[in-house]
Each structure stands twice: as C-alpha cells, then as structure tokens.
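Thanks for sending this one over. Here are a few points to go through with the model open beside you.

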Amino acid sequence: MSIALVLGGAPAVSANPTTTESNGNTSAVARTLDGRAITNDKIAKEVAEFWTPERMASAVDLTFARPGGAVESPARAPKPTGPAGAVAPMAPRIAGTDDVRTMVNESLAVGKVYFTVPGGGTASCSASTVASGKRRLVVTAGHCVHGGAGGQWYSNWQFVPRYRDGARPFGTFVASSLNTRTAWINSSSYAEDMGIAVMNNGGSYGLKVVDTVGGHGLRWNYGYSVSVTALGYPSNLGGGESQYFCQGTTWNAGGQQIRMWCNMTYGSSGGPWLQEYNDSTGYGFINSVVSHGDNPGNGQFDGPYFDDDIKSLYDFAEGISPA
C-alpha cells in the first residue's frame with residue numbers, strides 16, 4: 001500500500017507561517033500534528049512517543065509516481081553546473097556502534113523516516129545522515145518533507161536509523177526544521193526533489209544524530225554516469241521492514257535527473273544513491289536520492305542530479321542548524 005502523490009494532485013493549503021527563504025531554498029520549523037513548533041526537548045519527546053510501534057507499522061509507504069503519459073525532458077549531454085565538490089563521510093563518536101554494523105547491504109547511517117500527512121494519516125520514506133560540522137543533517141527526497149505544488153510541510157517528522165523489523169537500535173530522532181528547494185514547493189520539479197531535515201538531539205544516547213551513527217559523505221557535479229549503491233526500505237522487498245540495495249551505473253534521464261536500474265519500489269523514496277559505498281564501514285558519498293519511478297513501474301527509478309543546488313541546500317540547512 002502506498003500514498004501516491006501526482007503533480008497537481010495535492011489539496012491547496014495555507015503556507016506554514018514560520019519559513020525562511022534564501023538562494024532557492026525554503027525552510028520551515030518542524031511541527032507537531034496539532035501545529036505546535038518543535039522548539040524544545042519536551043515537544044520533541046511528545047513526537048517520539050506519538051510514534052508507537054503500532055503507528056509505525058501502519059504508516060504507508062510514500063512514493064512520488066510519474067504520471068502515466070508524462071513527457072520527459074529530452075536527453076542531453078551531461079552538464080554539471082560547476083566544479084565537482086565533496087564532503088567526506090564521518091564516523092560516529094559513540095564506541096560500540098561497529099557491533100551492529102552487520103550486513104553488506106545495510107548501513108547504520110540509513111534509516112526510515114515517519115511523518116503525518118494532511119488529514120492526519122501516517123506515512124514513511126527512506127533517508128540517510130550526512131556529514132557536516134554541526135552533525136545534525138538527514139538527507140531525503142523533497143516529497144518526503146513537503147507535498148510539492150499546492151501541498152504543505154509534513155508534521156511529526158522522525159528519523160529511525162538502521163530500523164529493522166520493528167527494532168530501533170539507536171532510538172529515534174525528531175526534526176527541528178525541514179528544508180527543501182523552493183522549486184519543489186512551487187512546481188514539484190523532479191530535478192529539485194531533494195530535502196534535508198535538521199534533527200534535534202535524541203536517540204538512545206541523547207546526542208546528535210551524526211555523533212550517534214556517523215554520516216555519509218556528499219558529492220555534487222560528478223557527472224551523470226557514475227557507479228552507485230542505492231539503499232532504502234522498499235515495501236515490495238521485505239515489506240519495508242529492512243534495508244535493501246541495488247547497484248548499477250546511472251545515466252542522464254534529462255531535465256537534470258539521473259536514472260538507474262533497480263527493482264525497489266514504494267518506501268525507498270528518499271533513500272541515498274551512494275558512490276564508493278564501503279560495505280565494511282557502511283558509508284559512502286550521497287550522489288542522489290530516490291525521487292520517483294515510472295507508473296506502474298519498469299524496474300527503473302530516477303533521482304535529482306546533484307549539482308550546485310544540493311550544495312546550496314546543504315549549506316542552507318547547515319547554516320540554520322543549531323550548534
């Protein structure tokens with residue numbers, strides 16, 4: 001089962017009154033289902049307590065399906081928007097996390113996100129931590145933080161690193177702000193379907209998320225044809241209860257998007273496409289995220305090409321993140 005969002009299909013709503021815009025990026029203070037800003041530990045704890053095992057199990061897998069008959073942008077030669085750049089992965093600061101890094105196709109820096117959607121329904125996506133100086137950032141798809149054109153920000157947003165079959169080995173982390181590209185909010189642009197959440201302290205140790213599980217690196221302007229490992233929680237494989245992976249070489253899908261062969265479907269939205277994934281450490285370099293697939297699906301999915309726009313969003317989210 002999935003909640004499928006299609007361009008133009010979300011209901012019109014009022015904008016979140018607490019937003020910041022800069023350089024093509026938009027941020028909103030994360031909120032509870034009843035509209036309160038998550039501004040302190042007490043409210044963050046309420047959100048974590050909202051997500052009982054029963055609510056997590058009943059959350060439907062969010063996907064952003066390409067409408068049937070949609071016309072894609074014509075293919076063109078790769079054209080990065082600037083020089084290639086990278087942020088190196090970070091190891092956790094907690095001793096003993098190596099003990100639970102157990103599977104070749106599983107990273108402790110990848111997890112499930114849970115949130116409430118307009119009308120009070122519950123949904124889930126995939127996401128991953130990313131290295132930064134403030135160690136609070138989680139990368140996902142734009143449609144996993146905001147409904148796109150005519151939609152609104154999601155609420156009760158929570159990240160569960162290395163979730164598996166109901167287990168939360170590192171606890172849960174609640175977002176303090178949600179961030180995406182303004183073009184995603186205004187026009188549901190596939191090329192801008194990228195999101196970053198800033199997380200409160202939390203988890204099993206009450207620490208920052210990257211201190212707890214480490215963070216993947218980040219790359220941008222690395223070209224359209226690269227080898228990647230995609231990780232996520234697809235409902236068609238294991239019911240979305242554990243991580244699965246695909247490996248392959250991407251190609252230019254037109255319109256500042258890349259494409260790869262992969263049989264993961266609903267629930268893998270927002271999961272990272274990792275260059276140089278090291279299965280002995282569980283880290284790599286995020287080069288895109290799962291955005292959407294063909295409807296009803298043909299074994300491929302697309303992600304936004306990570307050019308200067310992801311670096312802009314990353315710097316924007318890091319800049320508003322608490323120390």
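Is Gln 243 buried or exposed? Please keep in mind while looking that this is a predicted model.

1. Gln 243 is buried, because its relative accessible area is 3%, which falls under the 20% cut-off. You will find Gln 243 in the loop between β13 (227-232) and β14 (244-249). Its side chain has a polar atom 2.8 Å from the backbone oxygen of Ser 107, and the backbone oxygen of Val 110 lies 3.2 Å from a polar atom of the Gln 243 side chain. Setting aside neighbours within four places in sequence, the residues in contact with Gln 243 include Asn 105, Glu 106, Arg 162, Leu 231 and Tyr 233.

2. **Two positive phi angles.** Have a look at Asn 23, which is not a glycine and yet has a positive phi of about 55 degrees. Asn 23 sits in the loop between β2 (19-22) and β3 (25-29). Arg 135, also a residue other than glycine, has a positive phi near 60 degrees. Its place is the loop between β7 (122-129) and β8 (137-140).

3. **Cover at those two sites.** Which of the two labels, buried or exposed, goes with Arg 135? Arg 135 is buried, as its relative accessible area is 11%. Asn 23, on the other hand, counts as exposed because its relative accessibility is 65%, and the label requires over 50%.

4. **A four-stranded open sheet.** Next, please trace the open sheet whose four strands run in the order β15-β16-β20-β19, with antiparallel pairing. The edges are held by β15 (251-252) and β19 (292-293), each with a single partner strand, so one side of each has no neighbour in the sheet. In general, strands of a sheet pair through backbone hydrogen bonds, either parallel or antiparallel.

5. β19 pairs with β20 (residues 300-304) in the antiparallel sense, over two bridges. For a place to start, pick His 292: its bridge partner in β20 is Asp 302.

6. **The chain as a whole.** Stepping back, the chain has five helices and 20 strands. Of its 323 residues, 57% are buried. Among contacts with a separation of 6 or more, 73% are between residues 24 or more positions apart. The chain exposes about 11900 Å², with carbon and sulfur atoms supplying 53% of that area.

Technical notes. Residues numbered from 1 in each chain as written. Predicted model: local features only at pLDDT ≥ 70, side-chain atom pairs only at ≥ 80, totals over all residues. Heavy atoms only, no water. Buried < 20%, exposed > 50% of the residue type's maximum accessible area, 1.4 Å probe, protein only. Contact = heavy atoms within 4.5 Å. Areas by Shrake-Rupley, 256 points an atom, 1.4 Å probe, with all protein chains shown as cover. Polar contact = N/O pair within 3.5 Å; in protein donor to acceptor, adjacent residues only side chain to side chain. Pairing = 2+ DSSP bridges.
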